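Please read the points below against the model.

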Amino acid sequence: MFRPLELFIGLRYTRAKRRNQFISFISTVSIICIGISVTALITVMSVMNGFDSELRNRILGAVSHVTVSGIDETVQNWQAAVKTAEATKHVRGAAPYVEIQAFLQARRPSGALIRGIVPSMEPNVSDIDQHMVEGKMSDLTDRSWKIVLGRELAVTLGVQVGDKVTVVVPQFTATPMGAVPKLRSFTVSGIFELGMQEYDANLALISMQDAERLNGFDGPTGIRLKLDDMREAWPVAQDLANKLGQTYRIETWMDTHANFFRAIDMEKKVMFIILSLIILVAVINLISMLMMLVTDKQADIAILRTLGSTPRSIMGMFMVQGVLVGIVGIGFGVLLGALLSLNLPAIVKWIEHVTGQTFLSPDVYYISELPSQLLWSDVGWVVLVTFAFSLLATLYPAWRASRTQPAQALRYE
């Protein structure tokens, strides 16, 4: 017999053939329920991580991690500012841009945000060139008067590649007829689809030089930066503020999209709390199993008490039982949850192939594949919460066992 005694007897009870087979059945059910609960929680958290990562990549594929703009309408000496930004730690690329709020007219009208870009520099800060459905971004040359539209915006305007679009900007010109807005005809040279309604339905691209002439600017309105780690946006912004001085205004993606990503994080936390209640329900089976085990072992407890075992020792013996069931259930749950999370996209595709049903139709959803990203930090939290619930579930039955009186338990033996 090894020490400690509580662990030895607790493990012996687990291995021994019980007279009441129903207790063994409840123990198995408890392990299965805890395992299924842990698997479900890990899988759901992985799917939410996948959607979060997909949304971040798509949004930040069109939005810069850090934006440098001038105090006035344009950025003066932007070439020097680009070189300073590119020399800053964590900055992967930089590109100037001009943004104009405009009104577009074709078969149907629509408002849009027009962004003037330098096609050779734009891939350094965005992924739009990788999401071109028709045409290519390199067609946006100086004085080409060509425009690239988001897919939803093109549908709203009723245009295709090669059609004409009239762009009206809020820059008024004095004429004998009075002040009239400036307008210009553009040829649609390409269509992109990022998979985000905010950009596919509202964003249009033209060359930066054409945007400057259209809006009467003599330089870009800002410089967009892409980082090797978007979490370093705030330190990079502070570093650039010190290098560039007070003539520039610096914003990060956290400033422009903070509420959206906070909402996603809050949803993930709430979902974790809700699904943790499933584990709590599964742990109730563990309490039932331990209570029946305590009732079944009344005589054994009484004998151990007469041999000198303390109430604390008795309590420890039955806590070993509950914790062991919890650990086994957690082990199975983590294994199944990890395997399911890592292979979930392939499993969903197989189910779609077998059933002929599409879970996320590309015609309805912008994310057509079910994403999954397993984070071991989430697995650690799931294990910790489940183990805590299992440990708490053993306290009352173990306490009841420690309160057993030898004389009363052995009266009818």
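1. Terms for burial. A residue is called buried under 20% relative accessible area, exposed over 50%, and partly exposed in between, with a 1.4 Å probe and protein chains only. By that scale Trp 145 is buried, with a relative accessible area of 14%. Trp 145 sits in the loop between strand E4 (132-134) and strand E5 (146-150), and its phi is near 50 degrees, a positive value in a residue other than glycine.

2. Basis. This is a predicted model, in which local features need pLDDT of at least 70 and side-chain atom pairs count only at pLDDT 80 or more, while totals for chains, interfaces and linings use all residues. Residues are numbered from 1 along each chain as its sequence is written, and side-chain values use heavy atoms, with hydrogens and water left out.

3. Overall. The chain has 413 residues, of which 46% count as buried. Its secondary structure comes to twelve helices and ten strands; helices (H or I, at least four residues) and strands (E, at least two) are DSSP runs numbered from the N terminus. Among contacts (heavy atoms within 4.5 Å) with a separation of 6 or more, 80% join residues 24 or more positions apart.

4. Cores. A nonpolar core is a set of buried Ala, Val, Leu, Ile, Met, Phe, Trp, Tyr and Cys residues joined through side-chain atoms within 4.5 Å. The largest one holds 63 residues, and Leu 104, Ile 147, Leu 149, Val 167, Leu 205 and Ile 223 touch the most other members. E2 supplies the largest share of this core, seven residues. A second, separate core of 32 residues includes Ala 282, Met 289, Ile 301 and Met 317. Leaving out residues up to four places away in sequence, the contacts of Leu 205 include Arg 115, Ile 128, Ile 147 and Phe 192.

5. Largest pocket. On a 1 Å grid over the protein atoms alone, a pocket is an open set of points where a 1.4 Å probe fits, with protein on both sides within 12 Å along at least five of seven lines; lining residues have an atom within 4 Å of a point. Points are joined across faces, edges and corners, and a volume is the space filled by probe spheres set on them. The largest pocket has about 390 Å³ of space. Of its 20 lining residues, Val 63, Glu 99, Leu 113, Arg 115 and Tyr 199 are the closest to its centre. Helix H8 gives the most to this lining, with three residues.

6. Second largest pocket. Its volume is about 300 Å³. It is lined by 15 residues, with Arg 56, Asp 229, Met 230, Arg 231 and Trp 253 nearest its centre. Here, too, H8 gives the most to the lining, with seven residues.

7. Gly 93. This residue lies in strand E2 and is buried, with a relative accessible area of 2%. Gly 93 and Leu 225 are 132 residues apart in sequence but 5.8 Å apart in space, C-alpha to C-alpha.

8. His 90. In the loop between helix H3 (78-86) and E2, His 90 has a phi near 80 degrees, again positive in a residue other than glycine. His 90 is partly exposed, with a relative accessible area of 24%.
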